[in-house]
Amino acid sequence: MKKLLIVAVVLVLGFFAYKNMDTSSSKTVKSDVIRIGGIMPLTGDTASIGVPIQNAANLHVDEINEAGGIDGRRMEIIWEDGKCSPGESSRAAQKLINVDKVSVILGGGCSGETLGAAPITEKNKVILFTPTSSNPEITHAGDFVFRTSPSDSSQGKVLAEYANAHFEKVGLISEQTDYAIVLADTFENHFTGEIVREDYLPSESDFKTRITKLKNENLDALFINAQNPPKYEIILKQLQEQNWATPLLTNEVAGGNVESTLKYKDFVSTLGLVAGNFVAPDNPRLDAFAQKYRERFGEEPPYLNYMATTVDALDILVKTLGDLGDNATSEAIRDALYATQNFDGMYENFAFDENGDSNITHSLFQFDGEKFVLLNE
Amino acid sequence: MSELVAQLIWNGLVTGALIALVALGLTLIYGVAGFIQFAHGEMVALGAYAFMIFHKLLHWEILPAALAAVTVGVVVGLIIEKLFFRPVREHDPMIPLVLSIGLSIGLQALILIFFGPNILTISDRSFHSLSIFGKKILATPSQIWAIFLSFVLMGGLILFLKKTKIGKYLRAVASNRSVAEVFGMSTDHAMQWIFGIGVGLAVIAGIFLGFEQNLEPLMGVHMSVKAFSAVVLGAVGSVRGAILGAFLIGLAESLLVGLSIIPSGFSAAIPFVILIGMLLVRPEGLFGRRFENLRR
């Protein structure tokens, strides 16, 4: 038994030593490598979004390096786990800035991560470039904060306008995270009817009581506002168990992940599920990227729209860093990003406004039993 | 209104039954081994994932898959006791406690490595809910089984501890280890029994929890927080106390939120509020002896 244990310990240590060796060996060729930081939720429920985005970013960095890198220098992302938490993310940002000395961070993934890291990156004049966070407060989070993802102020509004046209009394089951709270608040502010709102903590996964309570309220519709697909799926499952067939509204987290909805297809397809989301660009570049993703990771790429914003964020960085060359100070990168107009990325004519926000907005999508299709109202 | 209350009580009983199964293992391990096993929640997750492997991936029927999962759980429980807790048993109780925290983090990481962070469903089959008690309550078959089985197991466990020779022997080791050893009872043996039973119960809770809430790597943590509160509420080491504490927490969560007595965002705080209140009013727990009389 003892021998077995020793063998196991040696194997585990060896594994970690190997992993560490990988980064330490590349440190010796430092001058040929441009390193940026990356913060995504890599563990926990929201890792179901963070890990695919990390995969997409790594895949695209490989593409960039195969195509010659940034003026012949390899690009590399040092990943940290933000755990979808502001605290973890600010620690991750501290580490990336103080230990790895990066001047650009791709991330955070969750809005909470971006808002948690922003004060740190702002103070250290490091670019915080998120491809996925949508909390409206990020607009004013700092001078060095940029995003390619759209702000939720448009998502809450389009969902509320749809609800105004169709429902008088809506139930809202909402997660208490920076992303979901603000989306729920925006929806509440724009919705003219009556709202019954039930909040839950990210650590909870038993919604039976809340569903029983909401079911008893004679609602016209239910808005499921979860931070990640796992929570969305549990709510659908428990709705189905309570035999409660009500029209459903949901956010882009669910609407962008068809897999989750398909698991409850028979139940959901009759309910007229409508999700706020933003359109994935319809072009051969994204198709080719999605195909590469399938080949590399053996799964259907979830969130094609976020894959596109991630690729565009990296391409914008590559172009900016390449143009600036040796003059790539934080201030220079910032000014160059603000000056980016009509960038020819996956989203054509990509541009930043004066707050570093993207020009993409949300639309509505309806589940037709197989996929989400754009709803023209 | 009455239907709402009936459904809320049912929901509370289901939650309570699952907490009780986990809390029993915690309280037994504390009673006999003398420390809180923080990795007990991971045994819940272990059960759920093991069942998922047998049932969904290997296509076994529910009953054989459940039996196989319980067997795996018991074996893992025995191995954990032997490898990790036996060597430090005679040390300060702080050492096995800290060890169990480390074990908990390690096991979570193992689940993440093997199964990834994504949520998994425990079964491909979906079950229709049934209306019971004059169509007042909607219940899934797994909920009915969870309540039935947990009552059978709780009753069985109390009888086992009271009536059987092994049960008496476990209680003897729990009440005074040195004296029991003088009478020729092996502590090693008692620990193996306790870990086997405790982990077995946690695995069963994990299977039902998987049917209720799907599988996620941290599913055991949330459960063990509630179970821990139930144990302290009832009196640490007490079997009846753990059961009562579990149902109190399950029902309180369901009724207080369901009847809008407290805002639903605070639902996760309910076990702790009950716990703090209890520690202030009656720190020894519902079934505990006064601390002055309690000597370990």
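Is A:N98 buried, exposed or partly exposed? A:N98 is partly exposed, with a relative accessible area of 42%. Buried means under 20% relative accessible area, exposed means over 50%, and partly exposed lies in between (1.4 Å probe, protein chains only).

The model is predicted: local features need pLDDT of at least 70, side-chain atom pairs count only at pLDDT 80 or more, and totals for chains, interfaces and linings use all residues. Residues are numbered from 1 along each chain as its sequence is written, chains are lettered from A and ligands numbered from 1 in the order in which they are written, and side-chain values use heavy atoms, with hydrogens and water left out.

**View 1. A:N98 in helix 3 of chain A.** Helix 3 covers residues 86-98. Helices (H or I, at least four residues) and strands (E, at least two) are DSSP runs, numbered from the N terminus. A:N98 and A:F343 are 245 residues apart along the chain. Their C-alpha atoms are separated by 32 Å.

**View 2. Chain A as a whole.** Chain A has 14 helices and 12 strands. Its radius of gyration is 22 Å, close to the 21 Å that the globule rule gives for 377 residues, so chain A is as compact as a globular protein of that length. The radius is taken over C-alpha atoms, and the globule rule is 2.2 Å times the number of residues to the power 0.38. The C-alpha atoms fill a box of roughly 65 × 65 × 40 Å, taken along the principal axes. Buried residues make up 59% of the 377 residues in chain A.

**View 3. A:G322 in helix 13 of chain A.** Helix 13 runs over residues 304-324. A:G322 is buried, at 18% relative accessible area. Which residues does A:G322 touch, not counting residues up to four places away in sequence? They are A:I70 and A:D71. A contact means heavy atoms within 4.5 Å. A:G322 and A:G69 are 253 residues apart in sequence, yet 9.1 Å apart in space, C-alpha to C-alpha.

**View 4. A cis peptide bond between A:G107 and A:G108.** Omega is about -5 degrees here. A:G108 sits in the loop between strand 3 (104-107) and helix 4 (111-123) of chain A.

**View 5. A:C84 and its positive phi.** Phi is about 60 degrees, although A:C84 is not a glycine. Where is A:C84 found? The place is the loop between strand 2 (74-81) and helix 3 of chain A. A:C84 counts as buried, at 18% relative accessibility.

**View 6. B:H59 and its positive phi.** B:H59 is not a glycine, but its phi is about 60 degrees. B:H59 is found in the loop between helix 2 (40-57) and helix 3 (62-85) of chain B. At 63% relative accessibility, B:H59 counts as exposed.

**View 7. The largest nonpolar core, with 73 residues.** A nonpolar core is a set of buried Ala, Val, Leu, Ile, Met, Phe, Trp, Tyr and Cys residues joined through side-chain atoms within 4.5 Å. B:F51 and B:L157 touch the most other members of this core. Its largest share, 15 residues, comes from helix 8 (residues 187-213) of chain B. Not counting residues up to four places away in sequence, B:F51 touches residues including B:I62, B:I122 and B:F211.

**View 8. A second, separate core of 67 residues.** Its members include A:W79, A:L106, A:A180 and A:L183.
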